[in-house]
Amino acid sequence: MKDRVVSGYRPSGRLHLGHYHGNLKNMIALQETNECFFFVADWHALTTVYRDTSKLGEYTREMVLDWLAAGLDPERCTIYRQSDIASIPELVLYFGMIMTLGELERCPTYKEQLRELDARVVNTYGFLGYPVLMAADILIVDAELVPVGEDQLPHLELTREIARSFNSLYGPTFPEPQPILSKAPRIPGTDARKMSKSYDNAILLEDEPEVIRKKVRRMITDPARRRREDKGHPEVCTVFSIYDVYMPDEIERVAAECRAADIGCTDCKDRLSGLIASDLAPFRERRVELAAKHGLVEDVLRRGAEAAGPIAAGTLERAREAIGIGAL
Ligand code: TRP
Ligand code: SF4
């Protein structure tokens, strides 16, 4: 039996290079070797954006189209929407009974988000329970492997915690899933912070070459290199850290050119933009083709729900039996 794989993305619209190199490439590779479940985490989106839900549908469509154009193949993996799987919330209910408040309140992502987002908005039961919902997403399909970004590791730790508690209370029922992290170095945003749509520093997969060029031109380089003839320090340059992903074999040459001031930052940036743009060209072409196919996303999500729904229902039944719910 191949290990089951699951991963979900909150519907945030168009995907960017951070998604692609950080996680999506792993997902695309895993569909060739494993039984994969990939879903749109629309309930998770509600934990922070419950006040304005007007974009949920559009963002879901855009994201699924980006997934398909990037190479997720509904013939090789199951693509669905979290809210189409009615068994998940019942499992959340059981997990919520055994998860202590202290463990949820100590979760580093929870503490960080309370600081970063408007605390009055996210100070909800649902938001505190984010990792409980995530554990149910993962365990409802008995997944053993979870490709995620590094920021999700605390949630996976809690998922294992929940699986262990459940198993020790009610008998062996769930596996303890392990994360799969990307081996590629993390792609910084154009302002050197983490790439994220909400920071407005992202290079989107759909960006045209000219847009990519403009965005890369704005990037911060070695601050000590003010004039063309100043020698550079590639190790502090954001542009250089992205080179690592696109030219790993020639990275030493780029570093040497920079250190010797053989290349100026503008030329260095434009060369990188060219590499990114040509790497994304096939994506853009497929994305346009797929967007023109009427009913495609509806179809993919319907088939995904038909495949994942019964599996989830089976797991839920096993959990109910283990607990003794519904017994006479
Ligand atoms: N929390 C994840 C994120 O923000 C999304 C997510 C929800 C997820 N459920 C999941 C990822 C289950 C992996 C497995 O990126
Ligand atoms: Fe960065 Fe390239 Fe400029 Fe060096 S030459 S500082 S690597 S942009």
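A: A residue is taken as near a molecule when one of its heavy atoms lies within 4 Å of it. The model is predicted, so local features need pLDDT of at least 70 and side-chain atom pairs count only at pLDDT 80 or more, while totals for chains, interfaces and linings use all residues. Residues are numbered from 1 along each chain as its sequence is written, chains are lettered from A and ligands numbered from 1 in the order in which they are written, and side-chain values use heavy atoms, with hydrogens and water left out.

Ligand 1 has 13 residues around it, and R10, H44, Y130, D137 and Q152 come nearest. Polar contacts are pairs of N or O atoms within 3.5 Å. Y130 has a polar side-chain atom 2.7 Å from a nitrogen atom of ligand 1. For D137, too, a polar side-chain atom lies 2.7 Å from a nitrogen atom of ligand 1. In the side chain of Q152, an N or O atom is 2.8 Å from a nitrogen atom of ligand 1. Taken alone, ligand 1 exposes 370 Å², and the protein buries 92% of that (areas by the Shrake-Rupley method with a 1.4 Å probe).

Which elements build this shell? At least two residues each come from β1 (4–9) and α9 (130–139) (DSSP runs numbered from the N terminus, with helices, H or I, of at least four residues and strands, E, of at least two). The largest share, four residues, is that of α9. Sorted by class, the shell around ligand 1 holds seven nonpolar, four polar and two charged residues (Ala, Val, Leu, Ile, Met, Phe, Trp, Tyr, Cys and Pro count as nonpolar, Asp, Glu, Lys and Arg as charged, and the others, Gly among them, as polar).

Ligand 2 comes next. The residues surrounding ligand 2 are T221, D222, R225, C237, V239, F240, C258, C265 and C268. α12 (238–246) and α14 (265–291) are the elements that give two or more residues to this shell. By class, the shell around ligand 2 has six nonpolar, one polar and two charged residues.

The space taken by ligand 2 is the largest cavity (more than half of a molecule's atoms must lie within 2 Å of the grid points). On a 1 Å grid over the protein atoms alone, a cavity is a set of points where a 1.4 Å probe fits but cannot get out; a pocket is an open set with protein on both sides within 12 Å along at least five of seven lines; and lining residues have an atom within 4 Å of a point. The largest cavity has a volume of about 100 Å³ (the space filled by probe spheres set on the points, which are joined across faces, edges and corners). Of its 13 lining residues, R225, C237, C258, C265 and C268 are the closest to its centre. α12, α13 (251–259) and α14 each give two or more residues to this lining, and α14 has the largest share, with three.

The second largest pocket has a volume of about 510 Å³. Among its 21 lining residues, V92, Y125, G126, G129 and V132 lie nearest its centre. α4 gives the most to this lining, with five residues. The lining divides into 16 nonpolar, five polar and no charged residues.

Notes: A polar contact is a pair of N or O atoms within 3.5 Å; within protein, one must be able to donate a hydrogen and the other to accept it, and residues adjacent in sequence count only if both atoms are side-chain atoms.
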